[in-house]
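Here's a quick briefing to read with the model open in your viewer. Have the sequence handy too.

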Amino acid sequence: MTIRVVVADDQALVRRGFTMILRIHDDIEVVAEAGTGREAVETARQQRPDVVLMDIRMPEMDGLEATSLVLREADWPVRVLILTTFDPDEYVYEALHAGASGFVLKDIPPEQLAVAVRTVAEGGALLAPSITRRLIDQFAQRRVVSPATSGRVGRLTEREREVVIAVARGASNSEIAEQLFIGAATVKSHVSSILTKLGLRDRIQIVIFAYESGLVEAGDHDVGH
């Protein structure tokens, strides 16, 4: 299956660079480029891509608002992958909160860009890099625990709560299996159940839920450290 991609960035050289990198892969097709947030939304409507590479800072409409609009209006499965500089700012956290499936740094090695696109296209989330955990940890400190969100914790079994906490601390399925002394397939089943019960999109949404519900507090150490 070919992964259809839209590249949205206000810098033409960046757009062209990402497009050239992705077009060398047979399973990825860049169907369009966009130079503003508004263009990104319109292009997504027209092209119905599988993945949108979305810059945070763009004219007319920023990447945060564009991400929210694309995901809210889409009647097809589309994922948004945020492009950012090394600057860990609140916009990145807000974009993930809006439903983005992760983010990549603009200086990502070329060979890793296609991997990132495939990961989110397949329903995964780019949560592994430590910068992601630091970002979420940093900005979760500013957010008050939501009674509505914390109330949803009651939908989960005790084991599912343990899995949520482990995911929020950055553990992979295999690491969670080892920590909880259960099989990797069982962990995968728990994650699927958690997503369904809470109406969440992916693992990154589980992380945000864990912070906003109070299951995990900012400053908690990653599992295994």
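What follows is a short tour, from the overall layout to single residues.

This is a predicted model, in which local features need pLDDT of at least 70, side-chain atom pairs count only at pLDDT 80 or more, and totals for chains, interfaces and linings use all residues. Residues are numbered from 1 along each chain as its sequence is written, and side-chain values use heavy atoms, with hydrogens and water left out.

**Overall layout**

- The chain has 11 helices and five strands; these are DSSP runs numbered from the N terminus, with helices being H or I of at least four residues and strands being E of at least two.
- Of the 225 residues, 48% count as buried, where buried means under 20% relative accessible area, exposed means over 50% and partly exposed is in between (1.4 Å probe, protein chains only).
- Take the contacts (heavy atoms within 4.5 Å) between residues at least 6 apart in sequence: 69% of them join residues at least 24 apart.

**The nonpolar cores**

- A nonpolar core here is a set of buried Ala, Val, Leu, Ile, Met, Phe, Trp, Tyr and Cys residues joined through side-chain atoms within 4.5 Å.
- The largest one has 30 residues, and Met54, Val70, Val78, Val80 and Ile82 touch the most other members.
- At least two residues of this core come from each of strand 1 (3-8), strand 2 (28-34), helix 2 (37-47), strand 3 (51-55), helix 3 (63-73), strand 4 (79-84), helix 4 (90-97) and helix 11 (203-213).
- Helix 3 gives the largest share of this core, with four residues.
- Leaving out residues up to four places away in sequence, Val80 touches Val52, Met54, Thr67, Val70, Leu71, Ala100, Ser101 and Gly102.

**Helix 8 and its cover**

- In helix 8 (residues 158-168), the buried residues are Glu160, Val163, Val164, Ala166, Val167 and Ala168.
- Their cover includes helix 9 (173-180), helix 10 (184-198) and helix 11.
- Ala166 sits in helix 8 and counts as buried, at 4% relative accessibility.
- The C-alpha atoms of Ala166 and Ala210 are 9.6 Å apart, though the two residues are 44 apart along the chain.
- After helix 8 comes Gly170, with a positive phi near 95°.

**How the helices cross**

- Helix 8 and helix 10 pack at about 95° with axes 10 Å apart; axes are lines fitted to C-alpha atoms, for helices over the stretch in contact, and angles run from 0 to 180 degrees between N-to-C directions.
- That pair is therefore roughly perpendicular; the classes are under 35 degrees for roughly parallel, over 145 for roughly antiparallel, 65 to 115 for roughly perpendicular, and oblique for the rest.
- On the helix 8 side, Arg159, Glu160, Val163 and Val164 meet His190, Val191, Ser193, Ile194 and Lys197 of helix 10.
- The residues of that contact split into four nonpolar, two polar and three charged, counting Ala, Val, Leu, Ile, Met, Phe, Trp, Tyr, Cys and Pro as nonpolar, Asp, Glu, Lys and Arg as charged, and the others, Gly among them, as polar.
- Helix 9 packs against helix 10 at about 110°, with axes 8 Å apart, so helix 9 is roughly perpendicular to helix 10.
- This contact uses Asn173, Ile176 and Ala177 of helix 9 with Ala184, Val187, Lys188 and Val191 of helix 10.
- The residues where helix 9 meets helix 10 are five nonpolar, one polar and one charged.

**A look at Ser101**

- Ser101 is in the loop between helix 4 and strand 5 (103-105), and is buried, with a relative accessible area of 0%.
- The Ser101 side chain makes a polar contact with the side chain of Asp202, at 3.1 Å; a polar contact is a pair of N or O atoms within 3.5 Å, and within protein one must be able to donate a hydrogen and the other to accept it, while residues adjacent in sequence count only if both atoms are side-chain atoms.
- Beyond neighbours within four places in sequence, Ser101 contacts Arg79, Val80, Val120, Gly124, Ala125, Leu126, Arg201, Asp202 and Ile204.

- Arg48 has a positive phi near 50°, lies in the loop between helix 2 and strand 3, and counts as partly exposed at 39% relative accessibility.
- Glu60 has a positive phi near 70°, lies in the loop between strand 3 and helix 3, and is exposed, with a relative accessible area of 58%.
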